[in-house]
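Reader: Can we go through this one together? I'd like to start with the aromatic rings.

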Amino acid sequence: MSNPPVASVPVPVPSIAPAAAGHKGMGSIPYSGGVTFRVWSMFADSVSVAGDFNGWSSMATPMARDAPGSNYWSVDVPGAGVGQAYKFVLPYAAKPGRNAYRMDPYARSIAPDGGGNMNAIVASTEVAYDGGAYSTPPWNEAVIYELHIPTFNADPLPAPPGTFDSAMVRLPELAQLGVNAIEVMPLGQFSGNAGTGYNPGYIFAVDPDFGGPDGLRTYVDATHSQGIAVILDVVYNHVNGLDMWQFDGWSIDGNLCPWCAGHANRYTNGGIYFFEDGRAHTPYSHARFDVGRSEVCQYLLDNVTRWLEDRFLDGLRFDSTVSIRNIQDEFDYYHLEQAVPEGIALLRGFNQHVQSTQPWKITIAEDLQSDGSITAPISAGGYGFNAQWDDNFCGKLRWAATAPTDNQRKIDDLAGSIAGMNGSNAFQSILYSENHDKDDPQQGGRLPAIIGNGVADSWFAKKQSTLAACVMLTTPGIPMLFMGQEFLEYRPFPNYGADPQPIDWGRKDTYNGIWTLYRDMIRLRRDWYNNTRGLRGRNVHVLPVFGDNVLVYHRWDQGGPGDDVVVVCNFANQRYGNYQIGMPRPGMWRVRFNSDSRFYDGYFDNWPSYDTDANGPALNGMPFSANVSLGAYTCLVLSQA
């Protein structure tokens with residue numbers, strides 16, 4: 001980012017020593033009649049702030065240390081106000097003549113000035129949302145919907161990207177679908193105009209193309225008004241260094257990353273915000289935050305509190321936590337080279353803070369190592385996350401749905417994964433059959449397109465992808481859909497280089513039956529009709545009936561009518577008039593859902609599946625048994641009145 005223009009008219013230099021600010025906070029903090037500016041610098045010889053309020057003079061507004069020996073610099077600027085652009089100026093004696101204009105690491109808003117420069121903008125202080133009738137849903141009742149603001153609801157490229165305003169238009173449809181939590185992909189400012197948000201440059205900023213911090217506030221309020229929680233992806237494992245790289249000029253030059261032999265860019269000289277040795281390495285860059293410095297840890301914790309306490313979000317999903325707690329092999333994501341104790345302490349500190357201040361809010365780790373310590377309590381030596389993305393379950397589910405032939409589906413592997421989500425482990429997994437990573441072309445793309453060999457609306461594609469979704473929505477764990485999944489969006493994500501095309505909402509009309517299938521299943525998951533409470537319960541028992549590619553499991557909370565649920569999933573191109581399964585209770589069981597219904601698609605078989613009486617002998621480890629009629633690639637949900 002280039003320096004702002006030099007002031008066109010002379011600005012007098014103050015003749016008195018600067019005074020530290022009288023207001024708390026980091027970055028720019030508006031107050032009545034002015035703005036406080038505060039920044040951390042360990043090695044600058046002096047610090048000042050330049051902006052619209054002083055003609056962009058590098059000398060007119062010097063800052064003072066908060067206290068003798070402090071590395072925090074601040075100043076109150078009467079007359080400065082919201083909407084004005086600014087940068088910090090940090091001369092460094094070891095590099096004579098350097099007078100570096102630097103972006104505020106705490107900038108809440110960043111915008112171009114029309115002259116090729118990007119500047120921090122003084123943003124209004126967030127006003128507390130009063131909540132109204134909204135309350136965060138219990139997480140065992142949550143159904144999450146992952147979306148990307150620029151592509152969730154926008155016209156096709158090269159039209160401008162979607163915004164918070166355009167995303168709000170679709171909120172009623174998400175509420176009708178039954179979604180009660182949204183996971184938003186990262187919002188922080190990043191370099192360039194294309195991307196999915198996982199290369200952040202400034203983690204406090206909300207990209208102005210999306211609507212900036214004011215647009216986010218309006219979006220969160222509107223989402224809450226629909227009874228939907230907002231979870232945000234945050235990226236703390238690396239940043240695109242930008243102005244934070246060698247922020248105040250200091251660095252240890254000459255250090256090389258030991259993990260990057262043979263690479264041209266091996267230098268680990270990022271300055272005060274980043275590790276200056278091999279701990280700087282991530283699979284993405286050498287801009288790994290130096291969480292051995294208390295000031296950097298505070299910077300990241302301040303970001304957590306900004307989203308949860310100032311911007312009123314209901315939870316955070318932490319991107320690649322394994323890249324915070326470990327150094328990873330560059331070519332093998334699952335090979336961990338060396339633990340980073342400072343990163344481990346940081347993650348635990350995040351969770352301790354959230355649990356002590358807002359325990360109803362959720363913290364989710366994207367760790368992808370199947371490591372139970374991630375969700376174990378801190379008191380037991382774990383990290384204390386409420387849940388983690390379950391790639392193990394996803395891999396087994398996607399193989400069950402996409403295997404080339406029925407005899408390759410490995411239903412027993414999927415059954416074992418489900419059986420492990422029981423009791424205290426029941427809701428520690430985020431479950432998905434599609435997401436922004438799995439739908440990447442390198443991961444095979446969208447599930448219907450994989451199954452249909454590019455023909456996402458074939459009978460097999462529709463049947464097998466919806467069957468996978470039914471499993472995801474009826475097992476323990478917290479289910480998550482990826483945007484467009486509910487109407488067979490088939491293009492991989494990202495699908496246009498680094499700049500994904502918007503999802504095609506016209507498909508919602510074309511495949512409204514598939515959308516209705518998802519809606520009906522979500523309603524059962526959330527027990528809308530008071531007859532499937534077990535789908536919100538902690539208990540699961542998987543019946544040993546895998547030989548026919550039939551997966552059967554019993555879900556319950558307290559048990560009894562309206563609570564016990566039996567789910568039957570047929571992963572074979574085989575229809576059964578009478579398939580006998582074990583049942584937990586005697587009496588009549590009602591078919592609450594049949595994914596083969598022609599109501600969902602005119603080409604489905606509409607195989608008749610009837611209510612059944614569990615009057616048979618003990619079977620499959622259950623005290624009773626019943627016969628069910630089961631279509632091909634079909635899910636049935638049964639419960640008692």
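Predicted model: local features only at pLDDT ≥ 70, side-chain atom pairs only at ≥ 80, totals over all residues.

Reader: How many aromatic pairs does a search of the whole structure find?

Author: The search finds 30. Rings of Phe, Tyr and Trp (its six-membered ring) pair if their centres lie within 6.5 Å; planes under 30 degrees apart are stacked, over 60 edge-to-face, the rest tilted.

Reader: What kind of pair do Trp40 and Tyr273 form?

Author: Trp40 and Tyr273 are edge-to-face, 5.1 Å centre to centre, with 85 degrees between the planes.

Reader: Which residues form one aromatic cluster with those two?

Author: The cluster includes Tyr106, Phe204, Trp245 and Phe247 along with Trp40 and Tyr273.

Reader: Is Trp40 buried or exposed?

Author: Trp40 counts as buried because its relative accessibility is 2%. Tyr273 is buried too, at 2%. Buried means under 20% relative accessible area, exposed over 50%, partly exposed in between (1.4 Å probe, protein chains only).

Reader: New topic. Which ring does Arg348 lie over?

Author: Arg348 lies over the face of Tyr383, 5.2 Å from the ring centre. The test: NZ of Lys or CZ of Arg within 6 Å of the ring centre and within 35 degrees of the ring normal.

Reader: And where does the charged end of Lys463 sit?

Author: Over the ring of Phe604, 4.9 Å from its centre.

Methods
Residues numbered from 1 in each chain as written. Heavy atoms only, no water.
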